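Colleague: Please take a close look at one strand and its surroundings. I would like to know what sits beside it and how it is joined to its partners.

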Amino acid sequence: RPFYILGEVNQAGSYAYQNGMTVQQAVAIANGYSARANQGRVLLTRTSADGTRSHEVPVTTQIYPGDVIYVRERWF
């Protein structure tokens, strides 16, 4: 299953999941951050047996198949 990355990255979309992948590696696969990206923390949405939850997480967080990563815009 793929993971999805949206927001302030250069190439948003769905990408093939690789074992052990982190948010930072996912951003790299999406051709990096845009000029306006908040590079410190992202919004991660994950669906599990308990339901769908969204959390703000650091870029070192491990992702899983089906996760949706949203890179927010930074405020100057």
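Modeller: A polar contact of 2.7 Å links the side chain of Thr45 to that of Ser54; a polar contact is a pair of N or O atoms within 3.5 Å, where within protein one must be able to donate a hydrogen and the other to accept it, and residues adjacent in sequence count only if both atoms are side-chain atoms. This is a predicted model, in which local features need pLDDT of at least 70 and side-chain atom pairs count only at pLDDT 80 or more, while totals for chains, interfaces and linings use all residues. Residues are numbered from 1 along each chain as its sequence is written, and side-chain values use heavy atoms, with hydrogens and water left out.

Thr45 belongs to strand β3, residues 41-48. Helices (H or I, at least four residues) and strands (E, at least two) are DSSP runs, numbered from the N terminus. Beyond neighbours within four places in sequence, Thr45 is in contact with Thr52, Arg53, Ser54, Asp67 and Val68, contact meaning heavy atoms within 4.5 Å.

β3 and β4 run antiparallel and are joined by eight bridges; two strands pair if DSSP finds at least two bridges between them. The two strands form a hairpin with two residues between them, and Ser48 has Gly51 as its bridge partner in β4. β3 also pairs with β5, in the antiparallel sense, over three bridges. There, Leu44 has Ile69 as its bridge partner.

Gly66 is in the loop between β4 (51-58) and β5 (68-71). The C-alpha atoms of Gly66 and Thr47 are 7.6 Å apart in space, with the two residues 19 residues apart in sequence. Leaving aside neighbours within four places in sequence, Gly66 is in contact with Arg1, Pro2, Phe3 and Tyr4.
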